[in-house]
Amino acid sequence: MTTHTTAADHTRPHKEDAPTGLLPIPTGPARAMATGGGALTVISAFLAWTWTAAFPGDLTVYGYPGGLPARPHHRALTTLLGLASYGIKGLRALTPGNADAALRYAALAAFTTAWYTLLAISTDLGGLANLEPGGWVAAIATLTALTGALALPFNRPQTYPVDPEDTGWEQTRHRLRNGLTVFKGAFAADTPPPPRTLPSYIEILIIVAALATGLLVFTYGIGTEYDELFIGFLISVAFGFAALAKAGLVAHLSAYTARHRNTTLLGAFLAAAAFPFTQSDDQYATIGVYILIFATVALGLNIVVGLAGLLDLGYVAFLGVGAYAASMVSGSPASPFDIHLPFWAAILVGAGASLIFGVLIGAPTLRLRGDYLAIVTLGFGEIFRLVAMNSDGASGPDITNGSNGISSIPNLKILGFDFGLEHSILGFPIGRFANYFFLMLLITLIVVLVFRRSGDSRIGRAWVAIREDETAALAMGINGFRVKLIAFALGAALAGLAGTVQAHVTYTVTPEQYQFANTVPPNSAFLLAAVVLGGMGTISGPLVGAALLYLIPNKLAFLGDYQLFAFGLALVLLMRFRPEGLIPNRRRQLEFHEAELEPGETPPPTVLSKTGA
Amino acid sequence: MTTDTTTAGQAPDTPAGQTVLDARNVTMRFGGLTAVRSVDLTVNSGEIVGLIGPNGAGKTTFFNCLTGLYTPTEGEVRYKGAILPAKSFKVTAAGIARTFQNIRLFANMTVLENVLVGRHTRTKEGLWSALLRGPGFHRAEAASKARAMELLEFVGLADKAEHLSRNLPYGEQRKLEIARALASEPGLLLLDEPTAGMNPQETRATEELVFAIRDMGIAVLVIEHDMRFIFNLCDRVAVLVQGEKLVEGSSETVQQDDRVIAAYLGEPFEENN
């Protein structure tokens, strides 16, 4: 009996007596180091990091980080993160999830941002001698904070002892696996308890604050002027977001937004509308309007791909059809028709033309399933581009003006409001692109509403049922072909809607804008990537995915020819580590991560309220 | 044939004893293989009919002919007097609902949503109605939800309405599939091995459920391997062997038929050596 127990002891999972950290430092000093390091990081943000203004962003000045001619945003960011890592430790209420895991991420964020900046300074200026004391303080402070945070105790995951009969190589692999499990465990957090129900005005205030923060972060990101700053921004945002997620704040926020869906939608719309007012010129409103066009088309594609499960690789053609149709009735001198319709009619023509194309292409192709559908839609997308290219009067009928496209599309005028001129609203100058930004935002809102309402209805359920199991859906009385055709045509019409505005924003519509893959979004590959990256079947997913996919190539000019390579690599990594997308639909998250639950552990009770989220 | 086949004009709500399903001379060939050969079968309202047979006898193929997944090579299938359309969604709209041998729920939809999908043919709201959200839309959605909850109550899954259907235990997934099929307000329910993989208690519960469905006025046709289940349940049993109907009759008749025993257990060994 006794021997039996000891034998059993060996095979039982190895458990630590008391939880310890990754680094062998006692809990007290470790916590002090983390807190002290955080505080020092804050202080270092107020010091000069380098002596010369040669490094972009001017990190030479002592004193308060803001209010200076240059943009010392590095410091503002590290200050925020330093404060966050300090605050998160102190305020239990802020961290319903795992405070220490959040602290580790915050420390990691501060550390990588600071060290990345310092490395960039050193390489740019040629040597460590270019660092001022502030830089050294930042380096040491963030390192201390990170060391302290890593030494904080955590619940060690179960590991299994090495089998002494294994070969040396097997034993090494086993030890490495154990190490990796423990390391991952250090950054894991428990699912936070569901949030208490607060008075609804407080919940709404929290949502408003979150949206305002989102606007600030986005405005800052879009305004970053050089590569290093943007990379620093990406690092801070990624780790900062991870820290907030580990602290359980993200889960709480999404619970609140689920409760106030209309308020959130209105708030997000207002926050986005506030964006042009934060800008002093039209430079970034340009990016804003292109992101909106891209995001709106991605959201339209999400109906086709995310809800109905139809993989459409030629979706950008519908944007093109809308843009061409609108440009031809815009009064452009290059248009074969000498018509100038008012905007409301042009938008009907654009969306209508795309709708008709959607039905024409969908009717024969939607009889196919899966991969075959993807290939055929890819073909139709290219056919559209080639037809537009060749309808130049020489190799085909004279309709689209060939590769020159339809140029000099006049600016829109709605009720006497000329979109080409700069207007002053509330004392803020609102330029041409900002005008179009507002118009496009309205279209995005329409598409969001269409997505939400169609998704949460009889027809939306039929789409999801077809995606889940087409045979069973047919046996439940769903006319599969008809329902799929509706999804396809609706997606096409929404893309056409966006195309109408795009034609006017870009002045010129050419076939080359509507390729399958290109370095500039929107193109079919990037649209699909935005949907998959953001999260299939959600509203906010494609919007976030599109913003990221537009901003990153746009801001990281140094990637140059390697853009598509980096894009592919990023997609592979994402599919490996987060297949459900950045903002997952609740059900997809379960689908992909159910296998990671401990055996015997029941999946968390899933209460789903709505199709979208 | 132990039943009279009255194919006179049908009232919408069929009184007991009227023919709901009338399959005549149904033959299904796949290339040179004849999976089902001239099978006749009638199901009357208020009746539970069983279809048994050894593996590969063509039971599921016959089922698929009845539900529009296959178009029979020869013969015709009438539902309440009208020849069945060739598309499975039209068959469901006509009033025949089915479950599947391997459970085919919409795994990533909630239990309630699964049943709501079953309501598809009995509701009409299209895309415009969903986008404009008039009062008619809300009324129809509320009515659908109420009916779906009623059905979930009926099969005993009402408290799990918001769970993902993939997370239900096996037996409850079977029940949900039945609830989903009932949601299309069928006149005839086809159950393809409803107790496969169930323990005796669950089988008994399913038996009760099928009786309750019969009492709702819905005719039931069941394929099953569990003989005890089938003989307890069915008013009439048809035996399918190698694509042909061998015997049809009451449980006792079929149980005592030598040919059925032979089909399942083989011929007695008679040589002496």
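Is A:Glu470 buried or exposed? In this predicted model, A:Glu470 counts as buried, at 15% relative accessibility, because the cut-off for buried is under 20%. The side chain of A:Glu470 meets that of A:Arg369 in a salt bridge, 3.4 Å from N to O. This pair links distant parts of the chain: A:Arg369 is in the loop between H13 and helix H14 (370–390) of chain A, while A:Glu470 is in helix H17 of chain A, 101 residues apart.

**Contact between the chains**

The contact involves 36 residues of chain A and 35 residues of chain B. About 3400 Å² is buried between chain A and chain B, and carbon and sulfur atoms give 58% of this area. Three residues, A:Arg458, A:Arg461 and A:Met476, supply 26% of the area that chain A buries against chain B, more than any other three residues.

Between chain A and chain B there are 2 salt bridges and 12 residue pairs in polar contact, both residues being at pLDDT 80 or more. On the side of chain A that touches chain B, at least two residues come from each of helix H15 (432–455), helix H16 (458–468), helix H17 (470–475), helix H18 (480–506) and helix H22 (586–593) of chain A. H16(A) gives the largest share of that side, 8 residues. Sorted by class, the side of chain A that touches chain B has 19 nonpolar, 7 polar and 10 charged residues.

**Salt bridges**

Over all chains, the structure holds 24 salt bridges.

| Residue | Partner | N to O distance |
|---|---|---|
| B:Arg104 | A:Asp469 | 2.8 Å |
| B:Glu244 | B:Arg37 | 3.4 Å |
| B:Asp192 | B:Arg98 | 3.7 Å |

B:Glu244 and B:Arg37 form a salt bridge that links strand E10 (residues 244–249) of chain B with strand E2 (residues 33–44) of chain B, the two residues being 207 residues apart. Both ends are partly exposed: B:Glu244 has a relative accessible area of 38% and B:Arg37 one of 35%.

B:Asp192 and B:Arg98 also form a salt bridge. B:Asp192 lies in strand E7 (residues 188–192) of chain B and B:Arg98 in strand E6 (residues 96–98) of chain B, so the pair ties together parts that are 94 residues apart in sequence. Here B:Asp192 counts as buried at 1% relative accessibility, and B:Arg98 counts as buried at 3%. In chain B, salt bridges with shared partners join B:Glu47, B:Arg236, B:Lys245 and B:Glu248 into one network.

**Other residues**

A:Ala346 is placed in helix H13 (residues 343–365) of chain A and counts as buried at 3% relative accessibility. Beyond its neighbours within four places in sequence, A:Ala346 is in contact with A:Ala326, A:Val329, A:Leu341 and A:Thr500.

B:Glu113, in helix H3 (residues 111–118) of chain B, counts as buried at 11% relative accessibility. A polar atom of the side chain of B:Glu113 lies 3.0 Å from the backbone nitrogen of B:Thr110.

As for cysteines, B:Cys65 is buried, with a relative accessible area of 4%, and B:Cys234 is buried at 7%. A search of the whole structure finds 0 disulfides over all chains.

Terms used
Residues numbered from 1 in each chain as written. Chains lettered and ligands numbered in written order. Predicted model: local features only at pLDDT ≥ 70, side-chain atom pairs only at ≥ 80, totals over all residues. Heavy atoms only, no water. Disulfide = S-S within 2.5 Å. Buried < 20%, exposed > 50% of the residue type's maximum accessible area, 1.4 Å probe, protein only. Contact = heavy atoms within 4.5 Å. Buried area = accessible area lost by both parts, 1.4 Å probe. Salt bridge = Lys/Arg side-chain N within 4 Å of Asp/Glu carboxyl O. Polar contact = N/O pair within 3.5 Å; in protein donor to acceptor, adjacent residues only side chain to side chain. Helix = DSSP H or I, 4+ residues; strand = E, 2+ residues; numbered from the N terminus. Nonpolar A, V, L, I, M, F, W, Y, C, P; charged D, E, K, R; others polar.
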